[in-house]
Amino acid sequence: MATENFSIKFTDETYASKTDIKTILKTSLIYKIFTDVSAYRKKFSVDTRLIAYNSRNFSITMTPKLRDIFARFETSLSSLTNSFFAEKLNENSKNSFKNYCLNNCLNALNTISNLNTNELTIKAIVTGAYRENNPKHNIFIQYKKALLWIEENYGSTIDENIVANLYSILSNTNELTEFYRVTETVNRNTTSLIGTKYNQAPVILIDSMMNNFFEFIKDPNIKPFIKALVTLYYINYVKPFVNYNEEMSLLIAKLILAHEQISSFAPYFCLENVLIKTNMLDDYILSISDEYDLTYIITYGINILSPLIKLNSDDIIRMRSSAIREENYVVDNIDRGEEFVPKEQVKEEQTQLVKKAPSSLRKKDMNNLIRAEYEKEVVFAIKPKQEVISEKDIKDIAKYILEINPNVKKMQAFFFASHCTIGRYYSIQDYKKYARCAYETARTSMENLVSQGFYEKVQVQNKFFYTPIKQGDSK
């Protein structure tokens with residue numbers, strides 16, 4: 001009876017490994033106990049289509065209690081997504097939340113990869129303020145691009161072509177000369193958190209193992225989040241790619257969630273937390289390789305991600321409250337003690353450029369004006385909408401700019417940090433008003449930001465405007 005209780009306790013209450021059981025019972029004499037636990041789990045074992053190096057099949061344990069745990073997690077994940085899309089959030093609030101999540105994803109990837117990249121650099125990559133030329137940062141830039149691609153293409157059927165496309169984005173190449181590994185050589189990039197515990201799959205098995213993987217993710221009877229968590233393990237187990245196996249496992253897992261469950265929110269859900277190295281994760285990876293039981297990575301992932309779902313849900317509630325306040329106000333200069341300006345005043349200021357258009361144009365019908373080339377030159381200064389950036393983010397971006405470029409002055413750094421919306425055009429008058437300085441000081445400041453690669457200067461009629469340069473476009 002006691003043994004039976006242990007079987008249930010170490011399966012349904014805590015999906016325990018041998019190490020866990022030894023720790024809980026404070027004894028190393030657990031052979032009989034774990035044998036009974038394994039026998040109990042086997043009664044509820046569900047075979048997957050995934051195979052190991054030795055052709056053994058991986059399985060998932062599905063006791064009634066575990067099924068209930070899986071169902072509750074699936075519901076909470078769906079509720080988070082529904083809350084994000086259902087809440088009446090303005091675009092600025094959504095963008096702020098996305099940047100916050102994206103920043104967490106890249107920082108977690110930084111931890112996984114042991115690259116020790118400065119947090120300000122990562123925030124600059126997220127916001128588009130990045131202006132360094134450091135090859136070590138390329139992985140973050142390309143990973144961000146891949147996540148944004150998933151957001152736009154979450155409805156795509158997941159197959160080798162889609163995976164190859166993600167790999168080409170991550171590798172920053174339009175033409176793949178290699179996709180799956182063709183050599184057994186292990187280099188620095190193929191050695192990963194999970195991979196350091198055992199060898200990669202033999203090259204001769206990669207095609208068949210990946211074919212089985214694609215069949216596995218098509219199975220309608222397996223919950224999407226289970227497929228995603230299993231993907232984190234299995235791609236790192238096979239190591240099918242020449243480089244970036246960990247990053248690819250995360251991208252494929254997010255694509256699965258996006259395609260089957262949480263749509264365009266998936267890229268921003270921080271699955272990366274699951275692969276952050278811990279002693280428990282190491283132990284469970286070894287347990288999977290010994291027992292061919294994928295339940296370890298599933299239950300571990302649930303334990304890691306459940307607090308994140310709660311945190312994100314609370315963030316969305318806070319965003320909703322902020323959105324209500326921002327219905328009548330927008331953020332202005334944070335350093336002036338003028339945090340909010342009435343939206344009506346902002347709209348009036350934004351329309352001044354249109355009013356300066358020649359009278360002949362102003363008399364035209366607005367629909368014709370929108371189609372006219374002149375509209376691109378005059379109205380573009382108020383489109384797209386200026387992003388609202390938090391005070392902390394502005395200070396962090398400004399600090400980052402000052403650290404990487406001594407030729408930029410403090411006020412110039414703060415102006416760019418708060419005026420860096422891609423596709424928007426700013427004037428010397430914008431700087432003059434922001435810095436409360438003379439026109440000539442504003443002009444020379446904007447010219448300096450142009451020379452340092454932050455803005456591109458464009459001429460409209462006899463007036464100049466300045467538009468932020470996209471990340472990676474600066475010379």
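A: The account below starts with the aromatic pairs, then turns to charges over rings, helices, a hairpin and the whole chain.

The model is predicted: local features need pLDDT of at least 70, side-chain atom pairs count only at pLDDT 80 or more, and totals for chains, interfaces and linings use all residues. Numbering runs from 1 along each chain as its sequence is written, and side-chain values use heavy atoms, leaving out hydrogens and water.

Searching the whole structure gives 34 aromatic pairs. One of them joins Y53 and Y237: the ring centres lie 4.1 Å apart and the planes meet at 5 degrees, so this pair is stacked. (Phe, Tyr and Trp rings, the last by its six-membered ring, pair if their centres lie within 6.5 Å; planes under 30 degrees apart are stacked, over 60 edge-to-face, the rest tilted.) The pair links distant parts of the chain, 184 residues apart. Y53 sits in the loop between β1 (45-51) and β2 (57-61), while Y237 belongs to helix α10 (residues 224-238). (Helices, H or I of at least four residues, and strands, E of at least two, are DSSP runs numbered from the N terminus.)

Y53 is partly exposed, at 24% relative accessible area. Y237 is buried, at 5%. (Buried means under 20%, exposed over 50%, partly exposed in between, with a 1.4 Å probe and protein chains only.)

Y237 also pairs with Y233. That pair is stacked too, 5.5 Å centre to centre with 20 degrees between the planes. Both tyrosines lie in α10, four residues apart, about one turn of the helix. Y233 is buried, as is Y237. One aromatic cluster takes in Y53, F58, F213, F214, Y233, Y234, Y237 and Y292.

Rings elsewhere carry charges. The charged end of R41 sits over the ring of Y15, 3.9 Å from its centre. The charged end of K457 sits over the ring of F464, 4.1 Å from its centre. (This requires NZ of Lys or CZ of Arg within 6 Å of the ring centre and within 35 degrees of the ring normal.)

Strands β5 (residues 455-460) and β6 (residues 463-468) run antiparallel and are joined by six bridges. (Strands pair if DSSP finds at least two bridges between them.) Y455 stands opposite P468 in β6. Two residues separate the strands, and Q461 in the turn has a positive phi of about 55 degrees.

Now the helices. Helix α7 (residues 138-152) has 15 residues, which at 1.5 Å a residue should span 21 Å; its end C-alpha atoms are 21 Å apart, which agrees. (The expected span is 1.5 Å times one less than the number of residues.) Eleven of the 15 residues are buried, so α7 is largely enclosed by the rest of the structure. Among those buried are F140, Y143 and W149, along with K144 and E151. Their cover includes α5 (91-113), α6 (119-127), α8 (160-171) and α11 (245-262). As for α5, its 23 residues reach 32 Å from first C-alpha to last, close to the 33 Å expected. Just after α5, N114 takes a positive phi of about 55 degrees.

Finally, the whole chain. It comes to 22 helices and six strands. Of its 475 residues, 51% count as buried. Among contacts with a separation of 6 or more, 67% join residues 24 or more positions apart. (Contact means heavy atoms within 4.5 Å.)
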